[in-house]
Amino acid sequence: MSELAGLNDDVADTPGAHRAVDVTDLSKRYGDVEAVRGVSFSVGTGETFGFLGPNGAGKTTTINILCTLIRPTSGAARVAGLDVVAQRAEVRRRIGLVFQEPTLDNYLTAEENLRFHAELYGVPKTTTPDRVRQVLELVGLWNRRADQVMGFSGGMKRRLEIARGLLHSPRVLFLDEPTVGLDPQTRVHIWNYIEELRRREAITIFLTTHYMDEAEHCDRIAIIDHGSIVALDTPAALKASVAQDRVEIGTDDPERTVKELRDRFGLDATLSEGAVRVYVPQGDEFVPRLFAELPVAIRSVNVARPTLDDVFMAFTGRTIRDTEASAAEKMGARIWMRARR
Amino acid sequence: MAETAQFEVAPVRVHSGTLLDDWRAIRVVWKRELIRFRRDRLRIVTALAQPVLFLFVLGTGLSALVGNIGPYNYRTFMFPGVVAMTVLFTAIFSAVSIVWDREFGFLREMLVAPARRGAIVLGKALGGATVATLQGMIMLALAGLVQIPYSLTLMIELVVIMALAAFMITAFGLMLASGIQQVQSFQAVIQFFVLPMFFLSGALFPLTHNIPAWLRVLTRVDPLSYAVDPMRRAVLAHLAVPPALVRALNPGMTWGGWRLPTLLELAIVVICGVVATLVAVMRFSRTE
């Protein structure tokens with residue numbers, strides 16, 4: 001047993017000998033709810049891999065299993081070649097975590113937060129000062145190192161958390177919604193830092209997001225919906241697989257437009273945020289026909305090459321924002337009920 | 001290429017948790033409590049306000065009622081209890097701060113680390129104990145105001161007893177906090193746990209023979225009683241009070257008429273602290 005474990009560790013320390021993440025038929029069930037339904041995938045060493053899906057799709061549950069925070073109901077997962085259930089502490093040494101919610105001590109300075117982390121993760125004493133400096137410089141917070149975290153903006157805190165996640169030189173950095181709750185400009189900054197990090201540290205990054213545009217930063221993306229992976233490929237390949245242009249039509253009578261498109265063109269149009277959306281193989285050739293034959297007054301037409309949003313739509317039948325909206329409604333109802341109780 | 005060299009990845013250690021890792025985890029969690037204590041000057045001052053009120057307002061009021069005891073004022077006899085009170089409240093606040101750590105997410109940072117839960121809970125217990133002892137020492141500096149001599153042996157005795165009591169109380173607080181998910185529950189802890197513990201400990205009045213049996217039983221169950229009694233005994237030993245009066249003022253902790261020796265009382269304090277720490281470790285190990 002110990003011999004086997006030792007062998008495993010040796011292999012795990014040879015770069016490239018293992019995939020960074022290897023998941024086989026992983027499931028997690030909470031009572032009657034199946035949060036994750038038998039997902040399988042693997043992530044190569046050095047890859048940036050994105051889990052894309054609406055809130056409640058099972059992204060965070062999967063990431064929590066990989067980070068050894070919850071146990072799977074069935075299936076297996078290995079991170080850095082180590083089993084997430086049987087070799088919990090070993091997995092934890094080799095991963096960096098950045099959660100959705102902040103986990104910093106606001107009363108400590110940036111540097112003290114990092115030193116605390118270094119001690120808990122057993123970073124060798126001699127390397128700690130250099131490493132603290134490296135990661136703080138990486139996220140542009142070296143000159144703020146002596147300031148208490150309570151004075152930091154949301155973006156600075158997130159950057160500090162990313163720095164902390166890297167401090168113990170993990171094999172895999174897990175970022176759960178790294179930009180959630182940040183303004184668009186700060187989101188762009190965070191992504192610049194993540195890109196910089198990929199260039200410098202050659203680290204495997206596993207992230208979740210529900211922002212379509214952010215998924216474009218990934219080498220490969222898994223689209224997850226209702227606890228299952230519905231598509232997995234590079235962003236370019238996913239977009240190519242849709243192979244249809246998106247045409248958005250603004251009219252005075254969207255409902256009638258949807259009906260006319262079905263009756264006259266045989267197209268399955270959807271209504272999203274007041275705009276009628278339809279997918280056709282050749283958008284540019286479709287527009288003249290549309291103007292000629294649609295009996296509804298057209299106010300605007302927009303033809304676009306497929307985006308990841310369209311990919312999500314193609315695989316799940318919904319836009320991610322529709323899903324979010326209904327989730328938000330449910331959430332609102334739940335809060336209201338709790339308040340009444 | 002130069003950049004890659006500059007950002008060389010530190011080697012990942014493969015061995016599993018060692019005693020050195022546990023020691024480092026305990027020490028850093030302990031150190032964090034001290035840093036936070038030092039930064040929060042306001043807390044140091046407000047934590048003094050309550051015992052000072054008890055000693056100089058309630059104490060003065062009671063003195064007028066009781067009258068002088070030999071050359072001493074009733075405040076002199078309240079002093080050990082008020083010091084114990086300082087330690088009690090500071091230790092509980094430190095322990096229950098783990099609920100705030102949960103609220104603000106920092107608990108997660110500690111619990112997802114490869115460090116053992118036991119090391120983290122022990123670090124927190126020792127940190128809270130140190131902070132409460134320091135706060136108690138600030139209170140102890142007021143001894144001269146109530147005619148208690150600054151004798152070195154007395155001060156050392158009191159600091160040792162405070163440290164043991166502080167450890168026990170912090171451990172109890174951590175045990176309670178392990179079951180608390182919300183900051184709002186904190187008030188309940190104070191009402192149902194800390195205040196009874198304080199009132200039953202004999203901190204405000206001596207546990208004389210003529211208190212009713214039900215109250216006597218409750219005071220014997222309160223672990224804090226076993227720390228307050230040795231403190232009062234140490235103070236009385238350094239005052240010029242006739243032995244008969246000492247016995248009247250501090251009949252001490254008895255079990256069926258048997259006066260417990262100080263060392264046994266302190267052993268009870270330590271055992272309670274260790275048991276509470278173990279329970280807290282178990283309960284924190286169960287959560288994610």
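Predicted model: local features only at pLDDT ≥ 70, side-chain atom pairs only at ≥ 80, totals over all residues.
Residues are numbered from 1 along each chain as its sequence is written, while chains are lettered from A and ligands numbered from 1 in the order in which they are written. Chain A has 13 helices and 14 strands; chain B has twelve helices and two strands. Helices (H or I, at least four residues) and strands (E, at least two) are DSSP runs, numbered from the N terminus.

**Chain overview**

- Chain A holds 341 residues, and 42% of them count as buried.
- In chain B, buried residues make up 42% of the 288 residues.
- A residue is buried if 20 or more other C-beta atoms lie within 10 Å of its own, exposed if 12 or fewer, and partly exposed in between, with C-beta atoms placed from the backbone.
- From the N terminus, chain B runs α-α-α-α-α-α-α-α-α-α-α-β-β-α.
- The C-alpha trace of chain B spans about 85 × 35 × 35 Å along its principal axes.
- Consider contacts in chain A between residues at least 6 apart in sequence: 69% join residues at least 24 apart.
- For chain B, 86% of the contacts between residues at least 6 apart in sequence join residues at least 24 apart.
- Two residues are in contact if their C-beta atoms, placed from the backbone, lie within 7 Å.

**Helix α4 of chain B**

- Helix α4(B) covers residues 74-103, and its 30 residues should span 44 Å at 1.5 Å a residue.
- The expectation is 1.5 Å times one less than the number of residues.
- α4(B) has a kink of about 35 degrees, centred on P80(B). The bend at a residue is the angle between axes fitted to the seven residues ending there and the seven starting there.
- Of the 30 residues of α4(B), 27 are buried, so the helix is largely enclosed by the rest of the structure.
- G105(B) follows α4(B) and has a positive phi, near 90 degrees.

**How α4(B) meets α7(B)**

- Two packed helices are described by the angle and the distance between their axes.
- Helix α7(B) covers residues 152-177; its axis comes within 8 Å of that of α4(B), and the two cross at roughly 35 degrees.
- Axes are lines fitted to C-alpha atoms, for helices over the stretch in contact, and angles run from 0 to 180 degrees between N-to-C directions.
- The crossing of α4(B) and α7(B) is right-handed. A crossing is right-handed if the near helix is turned clockwise from the far one by less than a right angle, and left-handed if anticlockwise.
- On the α4(B) side, the contacting residues include V83(B), V87(B), A91(B) and S94(B). Among those they meet in α7(B) as a group are M162(B), A166(B), T170(B) and G173(B).
- By class, this contact of α4(B) with α7(B) has 16 nonpolar, three polar and no charged residues.
- Ala, Val, Leu, Ile, Met, Phe, Trp, Tyr, Cys and Pro count as nonpolar, Asp, Glu, Lys and Arg as charged, and the others, Gly among them, as polar.

**Where the chains touch**

- In all, 28 residues of chain B are in contact with 32 residues of chain A.
- On the chain B side, α2 (19-39) and α5 (106-111) are the elements that give two or more residues.
- α2(B) gives the most to that side, with eight residues.
- The side of chain B that touches chain A has 15 nonpolar, three polar and ten charged residues.

**Residues to look at in chain A**

- S169(A) is not a glycine, yet has a positive phi of about 50 degrees. S169(A) sits in the loop between α6 (154-166) and β7 (172-176). With 23 other C-beta atoms within 10 Å, S169(A) is buried.
- H226(A), also not a glycine, has a positive phi near 50 degrees. H226(A) lies in the loop between β9 (220-225) and β10 (228-233). H226(A) has 16 other C-beta atoms within 10 Å, so it is partly exposed.
- L173(A) is in strand β7 of chain A and is buried, with 23 other C-beta atoms within 10 Å. The C-alpha atoms of L173(A) and G96(A) are 4.5 Å apart, although 77 residues separate them along the chain.
- N192(A) lies in helix α7 (residues 184-201) of chain A. It has 11 C-beta neighbours inside 10 Å, so N192(A) counts as exposed.
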